[in-house]
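Here's a quick tour of a protein chain for you to follow on screen. Have the sequence and the 3D view open, and take the topics one at a time.

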Amino acid sequence: MKAARFARHGGVEELEVVDVPDPACGPEDVVIRVGATSLNGFDPMILAGTTGLKTPLPMTPCGDFAGEIAEVGPEVMGWNVGDRVCPHPYVLGEGMTGETRLGAASQYVRIPASNLIATPDGVSDVEAASLPIAYGTAHRMMTTRGKLRAGEKVLILGATGGVGTCCVQLAKSVGAEVIVTGSAAWKLDRLRKLGADHVIDTSQEDFVDAAHRICGRPRVFGGGGVDVVVNYIGGETWAKSLKCLKRDGRMLTCGATAGFEPPTDIRFIWSFEQNIIGANGWTPDEQREVLQMVSDGRLKPVIHAARPLAAIAESMQELIDRKVVGKSILLPFDEGADGP
Ligand SMILES: NC(=O)c1ccc[n+]([C@@H]2O[C@H](COP(=O)([O-])OP(=O)(O)OC[C@H]3O[C@@H](n4cnc5c(N)ncnc54)[C@H](OP(=O)(O)O)[C@@H]3O)[C@@H](O)[C@H]2O)c1
C-alpha cells in the first residue's frame with residue numbers, strides 16, 4: 001500500500017509517499033480502507049519533534065481517519081467488512097495514532113475493534129475524518145469542561161484553525177457572543193460567515209486593545225472583559241489573555257501552538273479570581289455526539305481542501321504558514337494529478 005512516512009524529524013522535505021507492506025490484522029483488530037484522513041495542528045509539531053513526546057521512527061502522520069472495514073480479526077464480534085467507521089484514534093497501550101503509533105496518512109490502517117465508532121448515515125468520509133481530534137476536543141473543551149452558557153462573551157484566539165472553527169460553531173449554538181482572532185482578512189471573512197459576532201485581525205491590531213474596545217477593560221469590582229477566553233496558542237498570547245478576562249472569568253486551554261512555557265502574570269489570576277481550565281482529548285461518547293451533530297445538521301465541519309495523499313507536504317506547509325481555515329483533508333485512494 002501507499003503511505004506517507006518520515007524517517008527523521010524536520011520540515012516537510014522529510015515527508016515522502018512510499019510503498020510499504022499492508023498492515024497485519026491481529027485477532028482483535030480490524031483493518032480499515034482509509035477513505036479520508038485529516039491534518040491537525042499537532043502534525044507539523046510531531047514532524048518537527050518539538051512536542052516533548054518520543055515518536056518512534058519512521059512515522060506516518062495523521063490521527064484522524066474514516067473509511068470502511070476491509071478485514072476483521074477472528075475474535076472480533078459485531079463488526080463486518082464494508083461497515084463505515086470513524087475510529088477513536090487513541091489506542092490503549094499504543095498511544096495516539098500519528099504520534100506514537102503509525103498514523104492514517106496511508107491506504108490501510110490497523111486498529112483494535114474496541115476503538116471503532118460507526119459513521120452515521122449522511123456523514124461523508126471527508127466530514128467524519130475532519131472531526132475526532134479537532135472537533136472532539138473542541139466539544140469537550142467548550143461544553144464538558146468549559147460549560148459555556150447563553151449570553152456569555154467568549155474570545156476565541158486562532159479561531160481559524162481546526163479546533164477554532166468548531167469552537168465558533170459551538171459557542172454560537174449555545175447563544176454566546178463570539179469574538180474571534182485571525183491573522184488575515186480573508187480568514188476572518190470565513191469566520192463571519194460561520195457566525196462570529198466580532199472579528200479581530202491580529203495582523204492589524206493588538207487583540208487585547210481590540211477586546212477592550214469591544215467589551216470594555218475588565219474592572220476588579222465590576223464591568224468589562226469577556227467571560228471566557230479560549231487559548232490553545234500559548235506563547236506571548238497567554239499573559240495578554242489574562243488581561244481580557246472579567247472577574248471570575250474562565251480561560252480554556254487544550255494546547256500551546258506558540259509555546260508551552262509562556263511568561264504569565266499571576267496578579268491577574270488572584271485579583272480577578274480567574275479560573276484556568278484544561279481540556280485534553282475527548283471520549284468515544286463525545287466523538288459519537290460530534291458525529292451525530294454533523295448528521296443532524298447542528299455542526300458543519302469547515303473543510304479547507306481535500307487533496308490526494310501525494311499532496312501531504314504541500315498541505316502540511318500550508319498549515320505551518322497559517323494559510324488554512326478549518327481542516328485539510330487527504331484522500332489516500334485519490335489518483336488525481338498528484339495521486340499516489
Ligand atoms: N490536548 C488535546 O487533546 C488537543 C487536541 C487537538 C488540538 N490540540 C492543540 O490545539 C491547538 C490547535 O490545534 P488545531 O488543530 O486547531 O491547529 P490549527 O488548525 O493549526 O489552528 C491553530 C490556529 O492558531 C493560529 N496559529 C498558528 N500558529 C500560530 C503561532 N505560531 N502563533 C499564534 N497563532 C498561531 C492560526 O490562526 P491565525 O493564523 O489565523 O492566527 C491557526 O489557524 C494546537 O496547539 C494543538 O496541538 C490539543
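**The chain as a whole**

Of the contacts in this chain with a separation of 6 or more, 71% are between residues 24 or more positions apart. Here, two residues are in contact if their C-beta atoms, placed from the backbone, lie within 7 Å. Keep in mind that this is a predicted model: local features need pLDDT of at least 70, side-chain atom pairs count only at pLDDT 80 or more, and totals for chains, interfaces and linings use all residues. Residues are numbered from 1 along each chain as its sequence is written.

- You'll find ten helices and 16 strands in the chain; helices (H or I, at least four residues) and strands (E, at least two) are DSSP runs, numbered from the N terminus.
- The radius of gyration is 20 Å, which agrees with the value near 20 Å for a compact globule of 340 residues. It's taken over C-alpha atoms, and the globule rule is 2.2 Å times the number of residues to the power 0.38.
- Along its principal axes, the C-alpha trace spans about 65 × 40 × 35 Å.
- Of the 340 residues, 51% are buried. A residue is buried if 20 or more other C-beta atoms lie within 10 Å of its own, exposed if 12 or fewer, and partly exposed in between, with C-beta atoms placed from the backbone.

Two packed helices are described by the angle between their axes and the distance between the axes. The axes are lines fitted to C-alpha atoms, for helices over the stretch in contact, and angles run from 0 to 180 degrees between N-to-C directions.

- Helix α3 (residues 132-145) and helix α4 (residues 162-174) have axes that come within 8 Å and cross at roughly 45 degrees.
- That makes α3 and α4 oblique to each other; angles under 35 degrees count as roughly parallel, over 145 as roughly antiparallel, 65 to 115 as roughly perpendicular and the rest as oblique.
- On the α3 side, the contact includes A134, Y135 and H139, while C166, C167 and L170 are among the α4 residues.
- By class, this contact of α3 with α4 has nine nonpolar, four polar and no charged residues. Ala, Val, Leu, Ile, Met, Phe, Trp, Tyr, Cys and Pro count as nonpolar, Asp, Glu, Lys and Arg as charged, and the others, Gly among them, as polar.
- The axes of α3 and α9 come within 9 Å and cross at roughly 100 degrees, so these two are roughly perpendicular to each other.
- The contact of α3 with α9 includes P132, G136 and R140 from α3, plus E286, Q287 and E289 from α9.
- This contact has three nonpolar, four polar and three charged residues.

**Zooming in on Q287**

- Q287 sits in helix α9 (residues 284-296).
- Is Q287 buried or exposed? With 24 other C-beta atoms within 10 Å, Q287 is buried.
- Leaving out residues up to four places away in sequence, Q287 touches H88, I117, P132, G136 and W282.

Most residues other than glycine have a negative phi, and most peptide bonds are trans.

- L57 and P58 are joined by a cis peptide bond, with omega about 0 degrees.
- P58 is in the loop between α1 (42-48) and β4 (64-72).
- K147, a residue other than glycine, has a positive phi near 45 degrees.
- You'll spot K147 in the loop between α3 and β9 (153-156), and K147 is partly exposed, with 13 other C-beta atoms within 10 Å.
- E273 isn't a glycine either, yet its phi is positive, about 45 degrees.
- E273 lies in the loop between α8 (266-271) and β14 (275-278), and with 12 C-beta neighbours inside 10 Å, E273 counts as exposed.
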